[in-house]
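Colleague: Let us go through this one by question and answer. Start with the residue classes, please.

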Amino acid sequence: MTDITVGVLAHVDAGKTTLSEALLYRAGTLRELGRVDKGDAFLDPDALEKQRGITIFTHQAQLQYNNVPLTLLDTPGHVDFAAQTERVLSVLDYAVLVVAAPDGVQGYTRTLWRLLQRYRVPTFIFVNKMDAPGTDRAAIMQALQHDLDAGCVDFTDALTDEDYEQIALQDDEVLADYLEQGKVAPDTVTAMIGRRQVFPCYFGAALKLAGIDELLTGLTTWTKSRSWPDDFGARVFKVSHDEHGERLTWLRVTGGTLHAKDIVVDGEKANQLRVYNGAKFTVVPAVSAGSVCAITGVTSAAVGQGLGAEPDALSPLLQPVLTYTVATGDAVPHECLLAMQQLAGEDPLLRVTWVRTLDEIHVQVMGTIQLEVLQQLLLARFGLDVSFVQGGIIYQETVTAPVEGVGHFEPLRHYAEVHLMLTPTAPGSGLRFASDCSVDVLASNWQHQVLTSLVAKEHRGVLTGAPITDMTITLVNGRASNVHSVGGDFREATWRAVRQGLMMAREQGQSQLLEPWYAFQLTVAGDQVGRALNDIQQMHGDFDSPNDVAGMVTISGHAPVAEMQDYGQQVRAYTHGRGQFDCVVDGYRPCHNQDEVVAAADYAPVSDLDNTPDSVFCAHGAGYPVPWDEVPRMAHVDYQG
């Protein structure tokens, strides 16, 4: 039997690491039960984690229960480190989602649930802290079925007829068999869990070891190990560096067997195979399919990359929304840039760029906690004492109606013309590229050059220079020269066509600026509700009907990140520490103050020479520039729109 890899996920402070410790202790892996608040948790070995009392990095542990080997991956609980959690999902067999009984389903819990749906990870739920006063198991069970999925079923004790009926209701065929036979076979339940139709729920208190044996029994009873292909495959889910500065590439083998000294990517060998258990590791000669390990000697593999026969993981759904400028102080900027690029290789949601025109380092992050940890890592690992100056919100741009863009590139002895249709798509869909052009009009090799060029760079909008998103860019027409066209000509024409189309959309009032919005949950005393609702309205937010429980009112809604990013401090102040504010980025929406943001950006798209919308035509043996708005009348092939 191969290992079953289980990820443990939760909203911050739900007791996720405490649960992992309890699982390891009850399985016999640990002799003593560590505690997060005492800084001796087995799965929070890093100094920063001990200092902050939160999980910052993903950690691996091994256990065996009922003769079933399990690999636990304990993930960060704070939303600022959600990128690491999302990447882990792509290598899991199952997940345990921890929900704190007193808090219920929080905003970030819903985000994790959406991610688990996206990656199709079968999920167990552990309701922790049931020893807290006033907890109501039946009410919590109803809330889980309402807020997460109707397939949530209490598995803590022996399943009842009512439980089996709830299970059967999740599948029409199973329901028909149940009505005929009056039971659901155990193998059927296991299969439904694997298909994410049923979500076993367990209730307990990890700190007091309550419900732990039941959860372990469930993880070894209701799970099924996979069968793996013979050809080697693996997926990278984490990159880190050990105490000696050696790069570790963490991966799960998804096919065949990985041996020490095997070449895994770009001619690089896996020099050493390490199987970690907390901070300690064992060097092994080979790792079989289904197992998790860290390898040394590989420097080019990136987080999310597939090795061998394994494809790359899905592009991450979560994206950074805040940008800062690095104040290097007495440090050498180049050294800071190299150090931060190394850290960016470890954290998929840390974006580091050198802005040549300003001679500045800019970083994009999820939130201020991530920024504080970044500052501490730079000092501890590289001796670099830097600070950060807030730059602002990361905006995006799109179009609201289809528009055709044309790019022409014809300096002497070169030729290419490209027509692209920019069509808006659903919010959050990102960019898609396609061709709807006959090979009789433009040969397939030139079409391939166009599509490759579209993918080759991050395209910038023309309102503020923000990245574009939520549109399909389709090749609809073009022309090549049998004598003069080369691949680079189509790259230039393609990039200019994108920008020219965006300029046309802007002129027609069909350009739209998008900004990130938070989904928030705010709990305040009854006499503070008026203040809270007024604040939300002032921040251009929206909210559902407030929910009053024992004098404390919970308000859920959405608001722009630009307006709400510092609101947590205000809540603590006006509630004198009694209020609770929880928020998570919930995607992008049309900017609530587009004109103001565009004016403040003062972006001149025609002056952005790296992203010019203008074209180059040829006359009398020489190339000459043509402004974007004159390109349509001079194009060599007809518009399709």
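This is a predicted model: local features need pLDDT of at least 70, side-chain atom pairs count only at pLDDT 80 or more; totals for chains, interfaces and linings use all residues.

Modeller: Numbering runs from 1 along each chain as its sequence is written, and side-chain values use heavy atoms, leaving out hydrogens and water.

Colleague: What is the volume of the largest cavity?

Modeller: A cavity is a set of points on a 1 Å grid over the protein atoms alone where a 1.4 Å probe fits but cannot get out. Points join across faces, edges and corners, and probe spheres set on them fill the volume. The structure holds five cavities of 30 Å³ or more. The largest cavity has a volume of about 180 Å³.

Colleague: Which element gives the most to the lining of the largest cavity?

Modeller: Lining residues have an atom within 4 Å of a point. With four residues, the most comes from helix 11.

Colleague: Which element gives the most to the lining of the second largest pocket?

Modeller: A pocket is an open set with protein on both sides within 12 Å along at least five of seven lines. The second largest pocket has a volume of about 1,100 Å³, and 36 residues line this pocket, with His 78, Ile 369, Arg 572, Phe 581 and Cys 583 nearest its centre. Strand 18 (322–327), helix 11, helix 16 (567–574) and strand 31 each give two or more residues. The most, six residues, comes from strand 31.

Colleague: How far apart in sequence are the parts that Asp 586 and Arg 114 tie together?

Modeller: These two form a salt bridge (a side-chain nitrogen of Lys or Arg within 4 Å of a carboxyl oxygen of Asp or Glu), with the closest N and O atoms 3.1 Å apart. Asp 586 lies in strand 31 (580–590) and Arg 114 in helix 4 (107–118), so the gap is 472 residues.

Colleague: Lys 208 pairs with Asp 131. Is Lys 208 buried or exposed?

Modeller: Buried means under 20% relative accessible area, exposed over 50%, and partly exposed in between (1.4 Å probe, protein chains only). Asp 131 has 43%, so Asp 131 is partly exposed. Lys 208 has 59%, so Lys 208 counts as exposed.

Colleague: Which residue forms a salt bridge with Arg 589?

Modeller: Arg 589 lies in strand 31 and its partner in strand 28 (542–543), so the pair ties together parts 47 residues apart in sequence. The closest N and O atoms are 3.2 Å apart, and the partner is Asp 542.

Colleague: Which residues do salt bridges with shared partners join into one network?

Modeller: The count comes to 20 salt bridges. Those that share partners make one network of Asp 93, Arg 226 and Arg 252.

Colleague: Which residues of strand 22 are buried on each face?

Modeller: In a regular strand the side chains alternate between the two faces of the sheet. In strand 22 (396–399), both faces are covered. One side has Gln 396 and Thr 398, and the other has Glu 397 and Val 399.
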